[in-house]
Amino acid sequence: MKKTLYSVLALAMGAVAFTSCEDQLDIEQKGVTSIENFYKTDGDAEAALAAAYEGFMCNVVGRQPDMGGPGIYTPYKILVNMCGDDVLYASGNYGDHEFSGMLNEFRYDTEAEAPKFLYSGIYLSVYTCNLVTNYFKDADTPVKKRCVAEARVLRAYDYFLLANLWNTPPFVDHVLPGDALPYNCDKDPENPMTHEELIMWIAKECEEAATDLDERKSTSDVDGAVRVTKGFAWALAGKAYLFAGKYAEAKAALKKVIDSGKYALVPGDRYMDNFHIEGDGNEEKVFEINFEYNAGKSGWSGMIQRSSWMEANAWNWRAGNFVKNPANVYCGGLDGWGGLGVPQWFGDEFFANDGHSHRFDATLKHIDDAVYDMEYADDALNKMTLEQKKASKDVGINDPVQGLYGNSFWLAFKQIIRGADTGGKVYGDNIRLNNYLIMRYAEVLLNYAEACIQTGDAATAKTYINMIQERAGSQTISASVDMEVLKKEKSYELWLEGCRWFDVMRWKDQKAISRLEAVGSDVPHVFDKLFRAPAAGDEKVTWEHGTEANSRFYTVSSHAAKDAGFTVGFKAGKHEYFPFPQTVMDKNPNLVQNPGWN
Amino acid sequence: MNFKLTKKPLVMMLFLFCLFPLGISAQNIVKGLVNDENGDPVIGATVRVVGTKVATVTDLDGHFQVSTNPNAQLSVSYLGYETQNVNVGGQKNLTIVLKPEDTTLNDVVVIGYGIQKKSDLTGSVASIKSDDIKGLSTTDAGAALQGKAAGVQIINSGGPGEAADIRIRGYSSNSGNIGPLLIVDGLKVDNIQYLDPSMIESMEVLKDAASAAIYGAQAGNGVVLITTKSGAKGNGKSQISYSSKFTIQSLGKRADLFDAPEYIEYHKYLGDMTDELLKTNNYKGQNTNWYDEVFENSLAHQHSITLQGGNDKGHFLASLNILNNNGIVKGDKDVYKRITGQINADYNITKWLNVTANTSFEKWKTKGVTKGYGSLLNSVVSIDPLTPAYISDYNDLAPLMKAQVDAGGPVPTDPNHNNDWYGTSKYIEDATGNPLYQRDRRDQERSGINVRGTVAANLMPVNGLTITSRLGYRITQSNYHNYEIPFWLSTMAHSEQYTIEAQTNNGLYYQWENFANFNKDFGKHSIGAMVGMSFTKNHWDNSSISSTGANILSDYAPNFRYIDYLLADATKSVGNAPGDATELSYFGRLSYNYDNRYYLQFNFRRDAFDSSKLSKDARWGNFPSVSAGWAISNEKFFKESVSRDAVSFLKLRASWGKNGNVNILNNYRYSSSIALNQSFYQFNPSKGDGTLTLGSKPTGLANPDLTWETSEQLDFGVDARFLNDRLTFGLDWYRKTTKDLLIEIAPLPEIGVSKSVINSGKVLNTGVDIELGWRDHIGDFKYSVNANVSTLKNEVKEVSAMVNRLTEIGIDGFNNQLKPTFEAGYPVWYFRGYKYAGVAEDGSAQYYTKNGEITKAPGEEDKQFLGAGIPKFTYGITINLEYKGFDFSVFGTGAAGNKIYNLMVSADRPLINGINTYWRDSWREGNTAAKYPDMKKVATDWIFFSSDAAVFSGSYFKFKQIQLGYTLPSKLTKSFLVNSLRVYASLDDFFTITKYPGADPETASINSGASRGFDNGTYPTSKKVVLGINVTF
């Protein structure tokens, strides 16, 4: 009996024990669908395109959340602006904000952070565009065709950046397998393309795609400013032709934008709005990436990561080095770390040209105007007379060691956040809601004017340059124009808008290049004599109004990076293009480094 | 579920049934009594008639009766006692006295799915018994392992309720997920922090791969097996015991920070401090010691009561333990409260069926303070000593703070401190503002309930065979609440927003295991076999909601600080997606021993994990192991030539095995699908805010071959006992290679996917574990010394060609160029930075280039190896003395060879406080032979602070415990019905010997993963005075 019981029990246990539950191991993934079931319908095309815009927004012009985010800056703005001769690396001291300082003083190496981030980020965007062009190659509906066309132009802009920053970057126009080892575009065994051919490809790609694109409906169509339209495709085609030296083609493409009638310069008194939330999608915007408050999306991962986040702090004036930050009220209370300075010559020339134009006042501020004229939170300060302020230690620069490092008497103002830009601080006081500007009409007009000058049509060029000057409210309205006039005008109008460095390189502008060669050897600091008298070892003490008697602020010169042993300044044959990041070179034997970087 | 019979095991079981014996005819009745040495009856001793299957157990009075023939021999055995063979010799009444077993010889250790005599082990298993850890002040079973077993490193955190991390035989991976598999009474658990050391009967650490192989893919980083007390120890006596412990905690070692006069002197030298500035700031000579402001002495107390009893049928134990630890940060923001209960029972339903049930329940609550950038703990070491903790006079506020007060900004005051303002620096805008406000600005609490248990049936159909079916479960429920308010302390430390967060986490885990153990001796041959299977399912259903914004709640009074009162238009972030994880395993073991001389053991496990971890084609893995032992001392030639008094035992062991680490796999990382509608862009600003167009794109690159990390380990060991077992010695050498690390690579940017996960890389850990023990007595004076030492050489052998070097940030928010780096040829996550070469003649800093030349401007490529946070040696020593009723023990542990990168001085914020080490020995006029450069030249130079000038030795030795106890004579205590009464006093973590200029080097690390050894202020270990009492009735 017992034995039977044992046997039954053991059998039952055995049966239960040694069973297979393998199908319990199949657990379906949530929130995804298979690639095979996607990329079919118009809706899928729109969804793939939205992902391409997101890819462009986050990884090209944004702070690259897909790559972890680089910190307190957006690589795009750093890269396209900080090498220019019209900006200075500033901050608390040498060593602070190095990501930017090394670019500005040309002491970066092949592993420099900002270029590395941007290089990868652009290709991430290229990939999300390629997903659209690849999977909807045989677009059979108007929607799919438009989606493909928009992705093509976004991708063309990516290549515009790649070509001008890295010379002959790998050309990838389809989704690559994970183990691909692409070649520089000029060394591609199947489809070699020189740098010039790549620029031409950009122009042609935009012109071709324009056929399938929608057009901005009118100058007041804000939706038409935040997506790729015929207008932007033509504007980019024209810019690429200009860079390729194909002036007639440039002229033709840009003329289409002008003739479309969908764009206009804003009046001078609204010039400054172009860089703030009030100007989002206005008549002057040819293309910008839309960023706005979204109640449905969470702060950090949803929105803040795709905003410019702490760039606002990085580029606001260095609050801690002032007794009271003069920009505090203007900025809505956000203080900064002063990462951007202006060379004395640039401010001087610009002011001499413009006077207190709308444009100048939106771009730069003299240290006197900043300290004495801006509104403080403390009303007692505002009530002081100019003379009282001049003698008061309740205002001014109180840092005795660095002063304002990297600053001349002209403070950069265009990039500073305006209180309203945060939309009521919906994500915090350092999150701007205003759009990422890619191209505005003023640039189209100046590019057109340049193409006209280059093709011998100075008269037409003058019309458009005067149009820009008049709108700016400049005291200079040129009677005649040539490349010199155009260059100056463009540098004032589009300061810190990603044009200057590319222009200097393509114009091979010797004056600018010689300034770049000297950069890092003469770094100005502004000091306030009430807090720090000139010291014995000070180099190049310069008083703002000529003498100590009539001046409160003075600059001295330093060269901390050079002292530390760095080689500073632009080197011809090397710094025209960025190096491919060393980590990429290490992985890809097919990629050849740019000249001067080996 | 498909029920599919797998044939082999069943056949084997049927075979085993064939061994089942026939019945035996009845004969004479022999009665007897079994006593211990003290004359107390032994309950539950097994009395067996030698050569037959007849057996019985003694009853509550120690009596037994058995039918046998008058010339038979009886074998009487009981766990913990030497087995005695007694000839009946025609007697009808026997009295048998059992002698306690020499435990060293016959210690039983728990191995996976079975037990084994310690002397039979062929693998490397460290065994820690309850006596080894009694009286420790830690309340965490993991921390109790520290210094007690060679090859086991414990990484402690100082804060209350922070669990210790356990590392067994090195650091095998780039992943931080390299803790051992934890098994408590057969149940896999996710932590052992809940387990009070006083509840533990034994802890076994399976160190070598052969021992751990029975746990296969989860055992790559070792296994810790814990057995809780069962009630079986009382020799059948019922027992009630109560213990109570009061711990007075005070701040331990502090960092060498600048005090105010020295701070002023230093900064005047740098030039960023002048008398005029001090005057402007109305400096009145404050010299704030922030450690004193933030920390205070605090009390932790713990009480436990245990009831236990048993008889020949079963045992029962119930225990309740209450812990309340309010940490040393002033106020009640660092708290750990825990109530745990344990109910263990086993019962012999019939002779062939035994059931056991172990259940533990836990209710816990923690509140913690922050560490890292802008945190309380960073603030203690970074805020300058000129700033007072509190300010009551408006005129003393920092100017920007004053402006905020004027503007009606949210400048906080402390209602528990006269409504004073929190002092903030007038000299530097600091991200921390004030540590006390970092404490008060958030109201954060975690709490939960866990029930863990196992129920098992042991079926013993034939002699030697035990079939076990065991169900283990964990029911977990936890909550998290957080509330933060807008505040303004400085331009860096402020928030305009309220935040409210709530999370609820629910989980059910169960494991169902069925296994059969068979042990049989055939003459000199001993055979053991085990086969089994296990199925595990983990289900979780977690929800979270949070909101952040300038105005989110309908009111902010305390009774409104709940999600229910969110405004309708508050931005909400919500989450919920229930999930499951399953695993299926088959395993087996064969062991063989010939004449207690030659030992051989094979383990095999076959594991499969669910599709969230591995693709269907790659889900199964095989983990074999083999080990062998040779007890030389049992050889005839040895016995003949070596005296037992000199060498009583000598055994050589060798093992090889393969394990895995599956913790690193999750979330379908091998696959690529379309993340549907997870992207978005806003095409229509004209329609207003929030009009989104949703987008979709692939999740990444597919890698269907993705698999677990695997480790192979070779182990050679010697166990020996000398001088009549007074001296014990164990030595193991191991070599553990872990490959197929899961490495997140950035594929070539042109591929277009920012990251992808591949198997690549290899890490080698080699080391020697030595354990040495001595015990003896001189009359009534008993003493013992136990020591263990482990060495570790840790080296990354390979990383993917796609990354050649992995780097991490170190501590988020700190600007420095010294990064934790994972690279072939160096230890796991070594410090990579500039190599400091001393001071140049002019006082400037010099560095080595990668070629060893001297430079003042090293570049990125000159960065090099500066050490690592991993100790090369760890050791522990325990001394126990006993005389009459007194006992005294000293226990210490130490580590050597580990480095700490001190980030308490910052180049981009030179005015924050920090360690004064550099300044004290810096180049100045009159001190040109200094170790550190002219601080004027480097105070704002991050190359200097990213060099090994800022890397210090983290070696230390710490007296973990110095304890004196007294047990009252039992004659005395029995007069008031107490069996035993012990009182003790102890100094725990009291003395630390180290050269590290920061706080306690043991806990000076932001985390135990990639940033191990990065110190910017962590929770300091507290010194403890412990007073305790144990009473048994």
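This is a predicted model: local features need pLDDT of at least 70, side-chain atom pairs count only at pLDDT 80 or more; totals for chains, interfaces and linings use all residues.
Student: What makes the pair A:Tyr448 and A:Tyr464 edge-to-face?

Tutor: Look at the angle. The structure holds 92 aromatic pairs over all chains. In this one, the ring centres are 5.3 Å apart and the planes stand at 85 degrees. Centres within 6.5 Å make a pair, and planes over 60 degrees apart count as edge-to-face. The values pass both cut-offs, so the pair is edge-to-face.

Student: What does the pair of A:Tyr448 and A:Tyr464 tie together?

Tutor: A:Tyr448 lies in helix H17 of chain A, and A:Tyr464 in helix H18 (residues 458-472) of chain A. The pair therefore ties together parts that are 16 residues apart in sequence.

Student: Why is A:Tyr464 called buried?

Tutor: Its relative accessible area is 13%. Buried means under 20%, so A:Tyr464 qualifies. A:Tyr448 has a relative accessible area of 4%, so this residue is buried too.

Student: Why is the pair B:Tyr498 and B:Tyr556 called stacked?

Tutor: The planes of B:Tyr498 and B:Tyr556 are at 15 degrees, and the centres lie 3.7 Å apart. Planes under 30 degrees apart count as stacked, so that is the label here. The pair also links distant parts of the chain, 58 residues apart. B:Tyr498 sits in strand S29 (residues 498-522) of chain B. B:Tyr556 sits in the loop between strand S30 (525-549) and strand S31 (572-576) of chain B. Both B:Tyr498 and B:Tyr556 are buried.

Student: How do you know that the charged end of A:Lys574 sits over the ring of A:Trp597?

Tutor: The charged end of A:Lys574 is 4.5 Å from the ring centre. The cut-off for that distance is 6 Å, and the charge must also be within 35 degrees of the ring normal. A:Lys574 is found to sit over the ring. A:Trp597 also belongs to an aromatic cluster, along with residues including A:Phe578 and A:Phe580. In chain B, B:Lys148 lies over the face of B:Phe891, at 3.7 Å from the ring centre.

Student: What makes helix H20 of chain A mostly covered?

Tutor: Count the buried residues. In H20 (residues 500-507) of chain A, 8 of its 8 residues are buried. Among them are A:Trp501, A:Phe502 and A:Trp507. The cover includes helix H3 (75-81), helix H6 (142-166) and helix H8 (230-243) of chain A. Just after H20 of chain A, A:Lys508 takes a positive phi of about 50 degrees.

Student: What makes A:Asp186 and A:Lys187 a salt bridge?

Tutor: The N to O distance is 3.2 Å. The limit is 4 Å, so the pair counts. By this rule the count comes to 89 salt bridges over all chains.

Student: Why is A:Asp186 called partly exposed?

Tutor: Its relative accessibility is 28%.

Student: Why are strand S55 and strand S58 of chain B said to stand at the edges?

Tutor: Start with the sheet. It is open, with 3 strands of chain B in the order S55-S54-S58 and mixed pairing. Strand S55 (951-953) and strand S58 (1014-1015) of chain B each have a single partner strand, so one side of each is left without a neighbour in the sheet.

Student: What makes S54 and S55 of chain B paired strands?

Tutor: 3 bridges join strand S54 (residues 899-902) of chain B to S55 of chain B. Pairing needs at least two bridges, so these strands pair. They run antiparallel. B:Tyr901 stands opposite B:Val951 in S55 of chain B.

Student: How many salt bridges cross the interface of chain B and chain A?

Tutor: The rule finds 5. A:Asp66 forms a salt bridge with B:Lys697, at 3.7 Å between the closest N and O atoms. Chain B and chain A bury about 8,600 Å² between them, 62% of it on carbon and sulfur atoms.

Key:
Residues are numbered from 1 along each chain as its sequence is written. Chains are lettered from A and ligands numbered from 1 in the order in which they are written. Side-chain values use heavy atoms; hydrogens and water are left out. Buried means under 20% relative accessible area, exposed over 50%, partly exposed in between (1.4 Å probe, protein chains only). Helices (H or I, at least four residues) and strands (E, at least two) are DSSP runs, numbered from the N terminus. Contact means heavy atoms within 4.5 Å. Rings of Phe, Tyr and Trp (its six-membered ring) pair if their centres lie within 6.5 Å; planes under 30 degrees apart count as stacked, over 60 as edge-to-face and the rest as tilted. Buried area is the accessible area (1.4 Å probe) that two parts lose on being put together, summed over both. A salt bridge is a side-chain nitrogen of Lys or Arg within 4 Å of a carboxyl oxygen of Asp or Glu.
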